[in-house]
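This report describes selected features of one protein model. The sequence and the structure come first, and the description follows.

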Amino acid sequence: MAAFRRAIALNAGTRSRPQTFVAYPRPLSAAVSRCSTHISTGPRRQYAFHSNLENTLNAAALHSSQPPLTPANSQTLTEKIVQRYATDLPPDKKVKAGDYVTLRPERIMTHDNSWPVAMKFLQIGASKINDNRQVIMTLDHDVQNETPANLKKYSQGNCSYPAKRGIGHQIMVEEGHAWPGTLTVASDSHSNHYGGIGALGTPVVRTDAASIWSTSKTWWQIPPIAKITFTGILPRGVTGKDVIVSLCGLFNQDEVLNHALEFTGSEETLASIPIDDRLTIANMTTEWGALSGLFPVDEKLISWYRAKATTAAMFNSPLKERISHERIDELVKNKLVADTGASYAKELYLNLSTLFPFVAGPNSVKVVTPVQTLESQDIPVDKAYLVSCTNARSSDFAAAARVFREAAQDGRPAKIAPGVKLYIAAASIPEQESAEEAGDWQILVDAGAQVLPPGCGPCIGLGTGLLEDGEVGISASNRNFKGRMGSTLARAYLASPETVAASALRGKIAGPGWYQKPKGVEKVIIGEGSGDHVADKARSVEDALDKLLIEVDSMIATAEDAGEGAAEQSSSTAAAEDKTLTDILPGFPDRIEGEIVFCDADNLNTDGIYPGKYTYQDNISKEKMAEVCMENYDNEFRTTAKAGDILVTGFNFGCGSSREQAATAILAKQIPLVAAGSFGNIFSRNSINNALLGVELPALVHRLRETYKGEAKKVLTRRTGWRLLWDIRRSKVVITEKDGSSWEQKVGEMPPNVQEIVACGGLEGWVKTKIAAEK
């Protein structure tokens, strides 16, 4: 056997190669459907919703035979931060990706949803906030709405930062509430933002927020962790926005969906990325599908904080209590770094030196095109936006103002093109004041920009300047889903602040002309691995060998088992099935059945499920929620889907914002179960917290698409005549097709903790029972 293993090793060493991708400067397709079968070669960890478990025979034996690849206690940076904030761990327990943990975050931020969170807080029977130091409230989304109803809502409670002070995520960073090495959460999908300054930021939902207010704690399953290595340095004229837009568009097959990301690179590489650009990159890892986007604490970040601490001390600012040299010294002394040999679910790299300016869209971050290509197409622009927590800091306004300064002639200020409207809204008052002091703000105003108050505004589809039917908009914000910034019949693009400014100036999508292509660069270099081809090749050989050895052990074990007789195997299989029945808790259904209604779409986001214009209308009835469910996706859904149906949809269902109504609107429609190829994690969390069940069935999605692929016109919402039965006790799904034929699919077991939450009617009910039990 040993000689056989050596022979395999030699053969593997001559054939294995690392995989590299080359991205050429042309438009890229936004299709993200995975066509490969999901195969488990070991005990598969469940991430929030249940996935299919195909071909799992002898999985435990295969897994146990695999030699350890890394030291048992090695941890990633993400795992180390979680370790700091996890409570009730067994002695010497080292947390790993896949673990369910109870967390006590350093800070929890809520915004316009603070009042709905407060209502949930009261409904669960809580009487006081457990730790006032944890809780930060900002009002930032609907700040242009000065109706009596909204002003009344804004006046309720003790808000930390009032309306028009700025966007919550920006405030958390500039006020030192989000701090490197801490775990900071917010009831907003762009909580990934905090990763730009080395804090583990991840979103929670309203019910989670109420739980943290009342108990200081919530639950989390540590996601699979991906390592993103940057090589090279950012060229002149390329920004952090170009980095994250290119990652979203070039790795556009859900490579990092529901992963926690860790960005890394050499000291020289990371030094070429300013902190404001890191915040932009981390912020839009949400659009890339990730649950966090964590940069390391390096000398550039420390210097950035030193400057802020000095300024706060010189002007005797209240900020000196949170951003001080003493606190920075402590940060340096106890800095966390990933262990050598830490295990990652996957590794990707991007050579920054080969990058050039990109634009995302229309209406998707997964379609990216070089600015130069779009400029030659003369795409007219109606509206341009310098807004949002992504790119509305003073450095962004400086870049935009430079475009107009350079275009000025004979002492006359340059103006935006006729027929174009440019909207500007700072991420916070301090950022606007900084831009004003530099003269950049006035340059933009003189060019014809319309000033909006600091806040989310058009980015979330609220207030002045929304896109109308047939219009084209280009924005420095983070999300360009159909209907997000106004009409579903508009086209929205995303780009850097300077590209937005240049487009407003010229009246068409255009760049400022600052990019200078380095000699020899013809394409963007991306790939799997670290970008170090020698190291990647060695690791590829090792991984290939391990895989082959597992396959050999499996073949031997299978052959030995076969010799024991088919009859014995059959009886043992039946006995095993009886032993593996899932225990069902009282109040939880043991089966769910209904007719399949099929919404054939990938990346169906929360704006498509529940439009943003309804999100902050807290008095909407359940009937109205049911009526507008899927409105931005398909108006026919309201009449096609019926109570009791099983909704089946494509991959990455529920991506986008953290709005809880994406789940509760489906429940309002009286749909008890959603089956999808895969889910956005935050939708999964919202669903569990609100007692909406979900199951991942990629094989079913492929089968339905195969059935209807020959039709001339695609039907967005279809009654299929098929039926789905989820036998939760036996962990299997039975599909009965329209002709009466049926087939089965094995799925993961329903964990007791999830059953308990759902049986209580959701997390709100679960917390309520816990509080009642303690009284």
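The second largest cavity holds about 130 Å³ of space in this model, which is a predicted one. Its lining is made up of 16 residues. Thr286, Ala290, Leu291, Gly656 and Ile682 are the lining residues that lie nearest the centre of this cavity. By class, the lining of the second largest cavity comprises six nonpolar and ten polar residues, with no charged residues.

A search of the whole structure gives seven cavities of 30 Å³ or more. The largest cavity has a volume of about 270 Å³, and 24 residues line it. Those nearest the centre of the largest cavity are His141, Asp188, Ile460, Arg484 and Tyr616. Here the lining includes charged residues: six are charged, twelve are polar and six are nonpolar.

| Cavity | Volume | Lining residues | Lining by class |
|---|---|---|---|
| Largest | about 270 Å³ | 24 residues | six nonpolar, twelve polar, six charged |

The next topic is a sheet. Three strands form an open sheet in the order S2-S3-S8, and their pairing is antiparallel. Strand S2 (86-87) and strand S8 (218-221) are at the edges; each has a single partner strand, so one side of each is left without a neighbour in the sheet.

The pairing of S2 with strand S3 (residues 100-103) is antiparallel and rests on two bridges. In this pairing, Thr87 is opposite Thr102 in S3. S3 and S8 also run antiparallel, and four bridges join them. Tyr100 stands opposite Gln221 in S8.

Which way do the residues of S8 point, and are they buried or exposed? Thr218 and Trp220 point one way from the strand, while Trp219 and Gln221 point the other way. All four of these, Thr218, Trp219, Trp220 and Gln221, are buried.

Helix H7 covers residues 206-215. The helix is mostly covered, with nine of its ten residues buried. The buried residues in H7 are Arg206, Thr207, Asp208, Ala209, Ala210, Ser211, Ile212, Trp213 and Ser214. After H7 comes Ser216, which has a positive phi, near 75 degrees.

Positive phi values also occur in two asparagines located in loops. Asn258 is not a glycine, yet its phi is positive at about 60 degrees. Asn258 lies in the loop between helix H8 (240-250) and strand S10 (260-265). Why does Asn258 count as buried? Its relative accessibility is 14%, and the class of buried residues takes in values under 20%.

Asn603 has a phi near 55 degrees, again a positive value in a residue other than glycine. This residue is in the loop between strand S21 (591-599) and helix H21 (606-609). Asn603 counts as buried because its relative accessibility is 17%.

One further backbone feature is a cis peptide bond. The bond joins Gly361 and Pro362, and its omega is about 10 degrees. Pro362 is found in the loop between strand S13 (358-360) and strand S14 (368-370).

Conventions
Residues numbered from 1 in each chain as written. Predicted model: local features only at pLDDT ≥ 70, side-chain atom pairs only at ≥ 80, totals over all residues. Heavy atoms only, no water. Pairing = 2+ DSSP bridges. Buried < 20%, exposed > 50% of the residue type's maximum accessible area, 1.4 Å probe, protein only. 1 Å grid on protein atoms, 1.4 Å probe; cavity = no way out; pocket = protein on both sides within 12 Å on 5 of 7 lines; lining within 4 Å. Points joined across faces, edges and corners; volume = space filled by probe spheres on them. Nonpolar A, V, L, I, M, F, W, Y, C, P; charged D, E, K, R; others polar.
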